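Hello,

Here is the structure I said I would pass on. My notes follow below it.

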Amino acid sequence: MKKAWKKLLGFAIIIGVLFLAACGSDNASEGEEGSSGDEPIEIVTTIAQIGEPISQIGGDLVNVETLMGPSVDPHLYDPTQGDIATLSEADVVFYSGLHLEANMEEPLESISSEKPVLAIGETLPKDVLLEDEEEPGAPDPHIWFDYNLWQDALDAAVEELKEYAPEHADELEEGKQEYFAQLEELDEEAAKLQDIPEEQRVLVTAHDAFNYFGQLHDMEVVGLQGISTESEAGVSDVNDTISIIEEHEVPAIFVESSVNQDTINAVIEGAADNGMEVEIGGELFSDAMGEEGTEEGTYIGMYKHNIDTIYEALTGGDE
Ligand SMILES: [Zn+2]
């Protein structure tokens, strides 16, 4: 009797191992299994600025899927049938909120009765949020460009995970502390932006994603299309921008990986007609990050890329 039981147990272990091996090969990026052999928490996020840090913090405890990949514009993104299925299978869902993922709000709202769904940007106190100049009263959702605020928003996500899996609270806290310590690098990296001559510390981009960045790093920010890419830039926006560029002798303006560059080209052409030469200073990551597996596919790497690109273009490339 005892022997038979042991045999059965042996069988069960083999099946268990095979099952785990099969799961592991499903997702190469999350190869290792959870510490105690239990299932990772299935987390779905809208933007990678949430997904990538949470996968760093959670490590083997979590399996993170991000719906909006590189160069996807969250303002205009429509959920697919596949996204709805992915959301329905998630244990916990995080999104940024403050109307960033405008067309996702309905499905996110509707599944929030079934599982934890948190708009991490909406956990911040209202008085730290900047206002959308074109829509008084509406908050500017691009808070990941203030890494101090983004840290607080990510903190709220981690607290939600601790509530979901209290048995892993200590490990989650440890992962969080480690990750937040890495964020401190960004402050050191950003210090050089202060070396750009004050007059030329002007950041011109296609859409108004960089107001938190400008506030944090003492830069004037000009976005042609407003806070959301839903509104298009008009002739007067282009002309106003050209005037600002001329006034400040701004040497370069920037395209964004997730936004059409037509308006930026219109500004460059318009300035050229006025005898002023402006370059494209490079591509910034605004609402989407870089390819997964690259430096720019991480929140920290994306932010550093933006700092370096802005610094080099506005100082003429001298380190
Ligand atoms: Zn945006």
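**Strands 7 and 8**

Ala252 sits opposite Glu279 of strand 8. The model is a predicted one, and that pair belongs to the part I looked at to begin with. Strand 7 covers residues 252-256 and strand 8 covers residues 279-284; the two pair in the parallel sense, with four bridges between them.

**Thr86**

Thr86 belongs to helix 3, which spans residues 81-89. Its relative accessibility is 16%, and because the cut-off for buried is under 20%, Thr86 counts as buried. A polar atom of the Thr86 side chain lies 2.8 Å from the backbone oxygen of Gly82. Leaving aside residues up to four places away in sequence, Thr86 touches Val44, Glu65 and Leu67.

**Helix 10**

Helix 10 runs over residues 299-315, 17 residues in all. From its first C-alpha to its last it reaches 24 Å, close to the 24 Å expected at 1.5 Å a residue. Of those 17 residues, 13 are buried, so helix 10 is largely enclosed by the rest of the structure.

Regards

Terms used. Residues are numbered from 1 along each chain as its sequence is written. This is a predicted model: local features need pLDDT of at least 70, side-chain atom pairs count only at pLDDT 80 or more; totals for chains, interfaces and linings use all residues. Side-chain values use heavy atoms; hydrogens and water are left out. Two strands pair if DSSP finds at least two bridges between them. Buried means under 20% relative accessible area, exposed over 50%, partly exposed in between (1.4 Å probe, protein chains only). A polar contact is a pair of N or O atoms within 3.5 Å; within protein, one must be able to donate a hydrogen and the other to accept it, and residues adjacent in sequence count only if both atoms are side-chain atoms. Contact means heavy atoms within 4.5 Å. The expected span of a helix is 1.5 Å times one less than its number of residues.
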